[in-house]
Amino acid sequence: MVTAAQPLAYPLTVRDLGPNWYATVMGTAVVATAGAALPPHIPGLRGVLAGVWALSLVLLLALLAGRGVHWARHRERAVAHLLDPATAPFYGCLAMALLAVGGGALTVGRDWIGLRSAVALDAVLFTAGTAVGLAAAVAVPYLMAVRHRVEPGQATPVWLLPLVAPMVSAAVGPGLVPHLPPGQARETLLLGCFALFGLSLLATLVMLPLVFARSLTGGPLPLALTPTLFLVLGPLGQSTTAVGAFADVAPGVVPEPYGEGFGVLAVLYGVPVMGFALLWFCLAAAHVVRARRHGMRFSMTWWSFTFPVGTCVTGAEALGRHTGLVAYAGPAVLLFAVLVAAWGTAVAGTVRGLLRGELLAAPGAARLAPRAVTARTTSGAVR
């Protein structure tokens with residue numbers, strides 16, 4: 001057995017390289033994307049962000065290669081991941097990793113690879129990520145219904161992952177609109193992204209009550225899964241980012257009054273949703289503090305602190321652009337600081353865990369059974 005004090009005693013393999021590892025790509029790419037739109041213009045920051053984006057691209061390529069080898073050499077494990085209700089939802093991370101790196105190419109990667117290459121790379125990754133995201137949004141709920149046999153008490157925020165992927169497409173896609181020929185092409189892409197927004201939003205509204213009800217009636221999540229509470233911020237921040245992106249490009253792309261209507265939607269939708277995001281952030285943070293006090297250690301679920309928080313940064317930035325209020329610009333900077341701290345912690349923990357041989361295990365290793373120290377009294381109180 002490898003302990004925290006022992007060095008790695010065996011070579012790393014891809015046998016248990018699960019789809020949850022794409023969260024490292026998502027969390028890295030969002031640092032670059034979120035930082036690029038911050039109100040303060042710090043000298044040299046954009047160069048650093050471009051470097052972070054380049055790192056996310058390298059991670060994506062490495063993981064695509066590793067997962068390809070995994071499917072070729074360990075097909076039985078790959079199929080087992082799909083049939084495991086704790087692992088299958090992470091296939092949404094593949095789509096979001098492709099989309100996050102593609103969006104980052106246009107945001108900051110263009111500084112290194114040029115605009116034309118950035119547009120081409122984003123177009124390829126957007127197309128692939130959207131296709132994978134739509135497939136995951138259908139396939140994973142289908143498998144949950146006919147093969148996984150899950151129960152309401154097993155609901156966790158991880159279930160949201162395949163449903164959020166189309167929302168990331170909706171937020172990234174508008175960046176490509178100005179690079180298409182005027183007319184039908186631009187309007188089709190914009191309205192297609194709007195359709196993806198609706199698909200993901202309505203699916204999330206169906207799933208989120210199950211997650212919220214389980215958190216109230218089933219007791220705290222197992223310690224290792226507690227960070228996944230931050231995943232709920234993903235659809236909230238990303239949907240606010242998406243409507244802001246629609247409003248940015250809609251004028252001149254869709255006829256009036258629809259162009260102006262997108263601007264109205266960006267504010268009337270974004271303000272209340274970000275309000276709920278603030279509530280959930282505080283609730284999730286309280287659960288994490290409790291879990292740390294009960295001995296929660298680092299695991300790959302700590303990457304849940306990165307991408308969802310990053311979407312809240314971009315959502316606040318979008319509201320700042322469309323309202324002109326400093327009240328949104330300030331929180332965006334603070335949330336970005338939280339994001340950078342969370343990313344640094346996750347990177348350090350991941351590197352340390354790899355060197356010790358502790359992390360290359362299937363994400364389903366942390367089961368959903370209640371912890372022995374958690375019990376409910378007849379009054380419903382947790383002790």
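Q: What makes a pair of side chains a salt bridge?
A: A side-chain nitrogen of Lys or Arg must lie within 4 Å of a carboxyl oxygen of Asp or Glu. The model here is predicted, and a search of the whole structure finds 2 salt bridges.

Q: Why is the pairing of Arg321 with Asp248 called a salt bridge?
A: The closest N and O atoms are 2.7 Å apart. The cut-off is 4 Å, so the pair qualifies. Arg321 sits in helix H10 (residues 307-323) and Asp248 in helix H8 (residues 233-249). The two are 73 residues apart, and the pair links distant parts of the chain.

Q: Are Arg321 and Asp248 buried, exposed or partly exposed, and what makes them so?
A: Arg321 has 47% relative accessibility. Asp248 has a relative accessible area of 41%. Buried means under 20% and exposed means over 50%. Both values fall in between, so Arg321 and Asp248 count as partly exposed.

Q: How do you know that Arg46 and Asp111 form a salt bridge?
A: Their side chains meet at 2.4 Å, N to O. That is within 4 Å, so the label holds. Arg46 lies in helix H2 (residues 45-73) and Asp111 in helix H4 (residues 91-113), so the pair ties together parts that are 65 residues apart in sequence. Arg46 is partly exposed at 36% relative accessibility. Asp111 is partly exposed too, at 41%.

Q: Why is H4 called roughly parallel to H6?
A: The axes of H4 and helix H6 (residues 161-172) cross at roughly 15° and come within 8 Å. Angles under 35 degrees count as roughly parallel, so H4 is roughly parallel to H6. The crossing of H4 and H6 is left-handed.

Q: Which residues bring H4 and H6 into contact?
A: From H4 they include Cys93, Met96 and Leu99. From H6 they include Leu161, Val164 and Val168. By class, the contact of H4 with H6 has 10 nonpolar, 3 polar and no charged residues.

Q: Where is the cis peptide bond at Pro257?
A: The cis bond joins Glu256 and Pro257, with omega about 15°. Pro257 is in the loop between H8 and H9. Most peptide bonds are trans.

Q: How do you know whether Thr28 is buried or exposed?
A: Its relative accessible area is 1%. Buried means under 20%, so Thr28 counts as buried. Thr28 is found in helix H1 (residues 22-36). Among the residues Thr28 touches are Val52, Leu55, Trp303 and Trp343.

Q: What makes Thr226 buried or exposed?
A: Thr226 has a relative accessible area of 3%. The limit is under 20%, so Thr226 is buried. Thr226 is found in the loop between helix H7 (184-217) and H8. Its contacts include Leu221, His287 and Met296.

Terms used: Residues are numbered from 1 along each chain as its sequence is written. This is a predicted model: local features need pLDDT of at least 70, side-chain atom pairs count only at pLDDT 80 or more; totals for chains, interfaces and linings use all residues. Side-chain values use heavy atoms; hydrogens and water are left out. Helices (H or I, at least four residues) and strands (E, at least two) are DSSP runs, numbered from the N terminus. Buried means under 20% relative accessible area, exposed over 50%, partly exposed in between (1.4 Å probe, protein chains only). Axes are lines fitted to C-alpha atoms, for helices over the stretch in contact, and angles run from 0 to 180 degrees between N-to-C directions. Angles under 35 degrees count as roughly parallel, over 145 as roughly antiparallel, 65 to 115 as roughly perpendicular and the rest as oblique. A crossing is left-handed if the near helix is turned anticlockwise from the far one by less than a right angle, and right-handed if clockwise. Contact means heavy atoms within 4.5 Å. Ala, Val, Leu, Ile, Met, Phe, Trp, Tyr, Cys and Pro count as nonpolar, Asp, Glu, Lys and Arg as charged, and the others, Gly among them, as polar. Lists of a residue's contacts leave out its neighbours within four places in sequence.
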